[in-house]
Amino acid sequence: TEILGVSQPVVSQHLAVLRKIGVLVMRRDGQHVYYSLSDPNISSACDMIRSILQRNVQARSEVLGGNF
């Protein structure tokens with residue numbers, strides 16, 4: 001949680017929401033809990049959205065003269 005800059009309860013709440021809506025699946029191994037994407041296509045969709053957003057930011061930056 002230090003890397004993310006948020007508390008452990010906040011991370012747990014977000015993970016619970018992502019599990020509830022079917023984005024993540026959980027696996028327990030002793031005291032450890034492991035999360036993974038429920039569908040590998042989710043990663044591809046995130047990559048696609050990231051690419052679109054980067055292009056949009058770049059285009060706006062060019063229109064605004066680099067002040068975006």
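1. The confidence of the prediction deserves attention next. Mean pLDDT for the protein chain is 92, with 96% of its residues at 70 or more. Among the elements, strand 1 (residues 24-29) has the highest mean pLDDT, at 97, while helix 2 (residues 41-63) has the lowest, at 93.

2. The secondary structure consists of two helices and two strands. In sequence order, the elements of the protein chain form the pattern α-β-β-α. The radius of gyration of the protein chain is 17 Å, well over the 11 Å that the globule rule gives for 68 residues, so the chain is more spread out than a compact globule.

3. The C-alpha trace of the protein chain spans about 55 × 30 × 15 Å along its principal axes.

4. How much of the protein chain counts as buried? Of its 68 residues, 3% do, where buried stands for under 20% relative accessible area. The protein chain exposes about 6000 Å², and carbon and sulfur atoms supply 56% of that area.

5. A last point concerns contacts along the sequence. Considering contacts in the protein chain between residues at least 6 apart in sequence, 0% join residues at least 24 apart.

Notes
Residues numbered from 1 in each chain as written. Predicted model: local features only at pLDDT ≥ 70, side-chain atom pairs only at ≥ 80, totals over all residues. Heavy atoms only, no water. pLDDT = per-residue confidence, 0-100. Helix = DSSP H or I, 4+ residues; strand = E, 2+ residues; numbered from the N terminus. Rg over C-alpha atoms; globule rule 2.2 N^0.38 Å. Buried < 20%, exposed > 50% of the residue type's maximum accessible area, 1.4 Å probe, protein only. Contact = heavy atoms within 4.5 Å. Areas by Shrake-Rupley, 256 points an atom, 1.4 Å probe, with all protein chains shown as cover.
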